[in-house]
Amino acid sequence: MKRKRHETDDPASVLSERLNGAFRRPGEADWLDVRERAGESRTHLHWPRRRVLLVVGVLVLAAGACAGSVGVIPWLGRQPAKVQSPPLAPPCRIKNLWVRIQYDVSLNGLEGGISLVNKGRRACSLIGRPTLALINPSVLEPRLLVEYTPPMRPKPGSVDLAPLSLLRAVPPHRGAYLRFSWTNWCKQGPSPASLELRLPNGDRVVRSFTSVRPPARGLPPLYSATAPRCYRERWRTRLHYEGFYPDWTPASVISSYGLDVALPLRTSIITKGLPTVRKLRNGRYYTFLRVQRGTVLRYRVALRNTSKLPFRFKRCPLYAEGIASLSSNPPTRDIFVLNCRPVGVMAPGKVVFFAMELSVPKNAPLGRNFMGWSLFSRRTGGRLLKPVWIVP
Amino acid sequence: MDKRTRAIEDVYNRRYLGYRNALAGIAGGYEAAQDIVQESFARALKSRGSYRGDGPLEAWIWKIALRIALDQRRKIAEEPLADTFEPELPEPEIDGELAAALRTLSPRRRLVVFLRYVADLDYAQIAEVCEISPGTVAATLSQATAALSSALGNEHPDPRALREAAEQ
């Protein structure tokens, strides 16, 4: 009795129980998938199971096709209205900007960003290429490599809710950000402790890292809060940064599509029939897909009402879908309005299926990539990523 | 099937949910975590010849999983800057208070907490995964637990008692 009381009251046990309660979604292991990804053949022992799965899969697909004719809401492909470009304002001056540097330590080194907020009374523009540099570069030469990536633009015809053109006039209290990363710091001795940012108009600002020091001896410990990561002495030190991105979405877009509303919905990408709620919870509804460049991938998305109350859409929300690559290619995505009118009232726990179409670009990166789907909702955790294998 | 493949398969079958659930806290979702687990074990299987056996096999696979998770998160991040730095709980509606408390932890502390309490690794394994000493693991864990307890409104626990309890 005494022992039980001790276990229950102990803070570590309480925390452990609480964490495990928060991460309690069941799931099923799939060793065959691991072997397939590793490029290994399936063993003889697994062949009978595979055959069974094939037969079951065919039956499920057949059932799904039958059910699909009545239970899946069709895809409309309606895009939201394009965000209008504001008239060009005078360039932002550094004295009118609030500047903040944020960074974090990752396995790859330091990653961070610089936020600029217009603290003036009038709109100003942040159009053009900024320049980022480490102060005291002499300690880095000749290994330092500085790389710049222009801001990503949506593909022609697709809609961006926070287009770069917003930077033509940054209103008061709004701003922009740029991301940077700094990797492979192996140099002994003094390190650059500051970053210099030059705006497109030539204005300059310097901000310091706090407590960034090079490793004292050899490799720094993983997750050291005081040093960027050192991989190899002979590799080059790299500072990479991107152009400015606006950090806000116009209020008109937010109100039109309810971007500030938390939807009590859980989302799942479906490629295997029309699963039950139990299968949705167990994650057994997706097969690793092979898709061809330049074709249309047809799949379904399930939305489940996770609240204890009936739910009805007040405004049809937006969603994004696209291909996210792990290579250096930027992800491509399109934004659409969800065809929510036919849904009506969703009872607690009810699942609704939506047909989806994704145009795979002709230049989509080959090999292992991801298809992504996300509902624009204030609630976090809505972005889905599923692996796909893109073939020519 | 060779001995090492069997060992990897054994870890996978025994510990699948531990990997998936802890990675969900790092990757920000169960879907992404599931894929990372599959990919991690696939890579472990492909490179099983490079495992020297000088540390626990589970910790070696964890290192692979963390590299994939963090690399993936960095490369496909599309969120605004503020979100990039925010830790995520996959289902914050289950325990909103805990989700808010976890957000107050630094990435290192959060990682150690997940590895200890969700992935159920011992101190030596966490030390191996994070390339830090077991003493640093203990200190980080006790600081993180104290911070969480404080954020959750519990009494500030004695770090030594926590360590002893966690080691039991």
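Mentor: A residue is called buried if 20 or more other C-beta atoms lie within 10 Å of its own. Keep in mind that this is a predicted model.

Trainee: OK. Which residues of α7(B) are buried?

Mentor: B:Y123, B:Q125, B:I126, B:A127, B:E128, B:V129 and B:C130 are buried in α7(B).

Trainee: And why is that helix, residues 123-130 of chain B, described as largely enclosed?

Mentor: Because 7 of its 8 residues are buried, helix α7 of chain B is largely enclosed by the rest of the structure.

Trainee: Switching to chain A. What is the strand order in the open sheet of 4 strands?

Mentor: The order is β1-β18-β13-β11 in chain A, and the pairing is mixed. At the edges are β1 (72-73) and β11 (265-270) of chain A, each pairing on one side only.

Trainee: How many bridges join β13 to β18 there?

Mentor: Strand β13 (residues 296-305) and strand β18 (residues 351-359), both of chain A, are joined by 9 bridges and run antiparallel. Within β18(A), A:L358 is the residue that stands opposite A:L297.

Trainee: What about the open sheet of 3 strands?

Mentor: That one has the order β4-β7-β8 in chain A, with antiparallel pairing. Its edge strands are β4 (131-134) and β8 (204-208) of chain A, and each pairs on one side only. On average, neighbouring strands of this sheet are turned by 20° against each other, direction ignored.

Trainee: Over how many bridges do β7 and β8(A) pair?

Mentor: Strand β7 (residues 194-198) of chain A pairs with β8(A) over 5 bridges, in the antiparallel sense. As one example, A:R198 has A:R204 in β8(A) as its bridge partner.

Trainee: Now confidence. What pLDDT does chain B average?

Mentor: Chain B averages a pLDDT of 74, and 76% of the residues score at least 70. Over residues 76-88 of chain B the pLDDT is below 50, and this stretch has 22 contacts in the model beyond near neighbours in sequence. Over residues 155-168 of chain B the pLDDT is also below 50, with 23 contacts in the model beyond near neighbours in sequence.

Trainee: What should I do with those contacts?

Mentor: Where pLDDT is low, the predicted coordinates should not be read in detail.

Trainee: Last one: what are the ipTM and pTM?

Mentor: The model scores ipTM 0.73 and pTM 0.53.

Note on methods: Residues numbered from 1 in each chain as written. Chains lettered and ligands numbered in written order. Predicted model: local features only at pLDDT ≥ 70, side-chain atom pairs only at ≥ 80, totals over all residues. Pairing = 2+ DSSP bridges. Helix = DSSP H or I, 4+ residues; strand = E, 2+ residues; numbered from the N terminus. Axes fitted to C-alpha atoms, helices over the stretch in contact; angles between N-to-C directions. Buried ≥ 20, exposed ≤ 12 C-beta atoms within 10 Å, placed from the backbone. pLDDT = per-residue confidence, 0-100. Contact = placed C-beta atoms within 7 Å.
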